[in-house]
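Colleague: I have a structure open here and I'd like to learn how to read it. Could you walk me through a few features?

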Amino acid sequence: MPANTSTERTVGVIAPQTVQLNLPPEGFRLEKGGVLPEITVAYERCGAITPENDNVIFVCHALTGDAHVAGVRPGETEPDGWWEGMIGPGKGIDTDRYQVICANILGGCKGTTGPSSVNPADGKPYGSAFPKITVGDIVEVHRLFLRQLGVTRLAGVIGGSFGGMQVLEWAVRHAAEIDRVMLVATAASLSSQALAFDIVGRHAIVADPNWDRGDYYVNGSQPHNGLSSARKLAHITYLSQDLMDEKFGRAKRQEWLDADDAFKRKIEDNFGTYFQVESYLQYQGEKFIRRFDANSYLHITLAMDEYDAAERAGSLEAAFAGISSRVLVVSMSGDWLFTPEQSADIVTALVKRQKRVSYCHLETGAGHDAFLTHICDLKRIIAAFLAKPQEIAGGAPPSPHFKEIAARIPQDGRVLDLGCGNGALLNILNAARRATGNGVEIDVEQVIEAIGSGCDVLQEDIDDGLAMIPDDSYDCVVLSETLQTIKRPRDLLRQILRVAGNAVITFPNFAAIGVRAQLLFSGRMPKGKQIPYEWYNTPNIHLFTLKDFLVLCEQEGIVVQDVICKANGISGRALLALGCRNMGAETVTVCIKRSF
């Protein structure tokens with residue numbers, strides 16, 4: 001559900017500000033060859049700044065956004081920032097701790113220099129004379145602007161959609177100046193389908209007779225029809241099919257149902273329909289032309305379409321070589337404009353480069369716009385990512401097996417902890433062995449807690465494999481008390497030894513004497529410390545024994561390096577002393593490695 005901000009505190013009244021950049025005499029040289037002699041930047045800032053100017057989080061807005069990210073506009077009474085639920089006191093980005101700055105992008109129409117700005121060469125709007133821009137140009141203007149404010153290092157940079165592309169480019173160019181990078185519902189480049197929508201949208205604008213090759217400011221006739229059509233087309237991509245069906249389906253407009261025959265004929269003569277979805281798109285188009293400029297739309301969408309983070313370096317992996325920031329990537333279900341697969345591509349490249357990265361996939365069902373409208377979990381993830389680890393309350397106590405596992409992890413090793421829960425083991429390994437790496441966890445509550453504790457976590461279902469993780473990305477994989485809950489253990493073992501040459505696996509041994517005795521004498525599935533569930537709600541779907549596991553390893557050509565058996569009861573310990581591991585062991589830790 002959309003975030004309810006009615007009872008939340010706001011940042012109060014935020015006055016828009018402008019600053020003219022101090023440019024060299026030759027002006028600002030753009031990447032595609034143009035020059036801007038002057039640049040004005042419009043921006044808003046909220047929250048207290050530290051004396052060192054080191055607590056700034058910069059927000060990069062999306063395609064048609066603006067600097068009013070949070071708070072109340074002067075002269076108004078209600079907050080209407082486009083990310084009001086995310087930014088403010090005690091919110092995802094806490095303005096009691098951070099100062100938030102958001103500036104309008106170069107080429108826009110909200111106060112920063114763009115096609116509708118006055119060209120100092122002739123005193124008229126730039127129009128067709130405005131030079132082509134790139135995402136790199138937008139980022140460099142942001143950076144120059146911040147330096148003029150006295151901000152040389154950022155606590156974080158965050159952006160969604162096209163804003164996320166700006167963040168990504170910033171991280172590629174200047175990661176050493178950023179502590180945390182937050183990429184929300186974005187991609188390293190647009191898909192061909194997304195490109196197609198933008199291309200048709202621009203064609204609609206330039207085909208409007210009033211566009212006049214961009215010089216429509218002087219004649220007073222705006223290309224509203226073309227801009228409205230472009231917005232309608234784009235808006236379709238912001239919603240998921242499920243949400244479109246839920247909101248509209250094939251419902252008919254009430255005004256059509258109530259209309260007389262003459263009105264219906266007028267609509268039909270223009271090939272209009274009686275569906276609610278058409279009325280909705282018409283409303284979106286009419287609203288948009290009142291607040292946005294057609295030339296800005298052309299320039300910004302072209303910059304977005306041409307952006308490709310991998311193109312210059314040859315690959316994403318190469319492009320990310322210099323990133324030193326901690327990175328968070330978040331995708332949205334049902335987003336077919338910036339797909340989860342594109343987010344996963346970013347994560348994969350960062351993992352391959354051994355960068356600090358966390359990934360979350362949020363099930364909202366709303367599509368791309370969910371990063372603006374359905375942010376309950378998103379703001380908790382952002383808050384955890386920005387938190388200091390000691391601020392996160394501890395969860396379940398560490399497993400007694402963790403000490404056994406830690407002893408078998410290489411010093412300074414790179415570790416992947418599958419089913420990492422709240423990150424307790426990862427933090428122990430970091431403290432005891434200086435190990436780094438990632439956890440993998442499916443439960444969003446556990447993911448949030450683990451990220452907040454300082455861990456780098458990938459939200460992924462282990463049963464679906466480890467698709468985001470490249471070969472040989474880690475020194476060791478840990479699978480603690482999880483193998484018996486996996487649908488396809490054999491496949492997972494193969495995946496484990498694909499991404500690392502070694503693994504430490506712990507599991508309960510269902511052949512232990514205590515389990516056998518309970519089943520023999522009661523005739524019912526055992527329940528106790530080792531199996532603390534009733535048979536009908538247990539997560540254990542494979543009840544295997546130590547011997548079963550060793551046989552599977554032999555069949556798969558997996559080398560068993562060590563087997564550590566533990567038992568709590570007297571009978572179990574006695575059996576272990578006699579060498580009866582399969583009957584005596586209650587829990588088992590096995591160190592394995594691949595033989596190829």
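Predicted model: local features only at pLDDT ≥ 70, side-chain atom pairs only at ≥ 80, totals over all residues.

Modeller: Let's start with the surface. L519, M525, W535, Y536 and L543 form a nonpolar patch there, with about 600 Å² of accessible area together. Patch residues have over 30% relative accessible area and no salt bridge (a Lys or Arg side-chain nitrogen within 4 Å of an Asp or Glu carboxyl oxygen); nonpolar side chains (Val, Leu, Ile, Met, Phe, Trp, Tyr) are joined within 5 Å, like charges within 9 Å. Areas come from the Shrake-Rupley method with a 1.4 Å probe, and for residues only the protein chains shown count as cover.

Colleague: Is M525 buried, partly exposed or exposed?

Modeller: Buried means under 20% relative accessible area, exposed over 50%, and partly exposed in between (1.4 Å probe, protein chains only). M525 has 44%, so M525 is partly exposed. You'll find M525 in the loop between α18 (513-522) and α19 (546-556). Helices (H or I, at least four residues) and strands (E, at least two) are DSSP runs, numbered from the N terminus.

Colleague: Why is strand β4 called largely enclosed?

Modeller: Because 5 of the 7 residues of β4 (residues 40-46) are buried. For its neighbours, look at pairing, where DSSP must find at least two bridges between two strands. β1 (residues 17-20) runs antiparallel to β4, joined by 4 bridges, with Q20 opposite T40. β8 (residues 99-103) also pairs with β4 in the antiparallel sense, over 4 bridges, and there C102 is the bridge partner of E44.

Colleague: And which residues have the most contacts inside the largest nonpolar core?

Modeller: A core is a set of buried Ala, Val, Leu, Ile, Met, Phe, Trp, Tyr and Cys residues joined through side-chain atoms within 4.5 Å. The largest has 112 residues, and F145, L418, F549 and I592 have the most contacts inside it. A second, separate core of 50 residues includes V11, I381, L426 and C455.

Colleague: What does V330 touch?

Modeller: Contact means heavy atoms within 4.5 Å. V330 sits in strand β13 (residues 326-332) and, at 1% relative accessibility, counts as buried. Leaving out residues up to four places away in sequence, V330 touches L183, V184, A185, S343, C360, L362, L378 and I381.

Terms used: Residues numbered from 1 in each chain as written. Heavy atoms only, no water.
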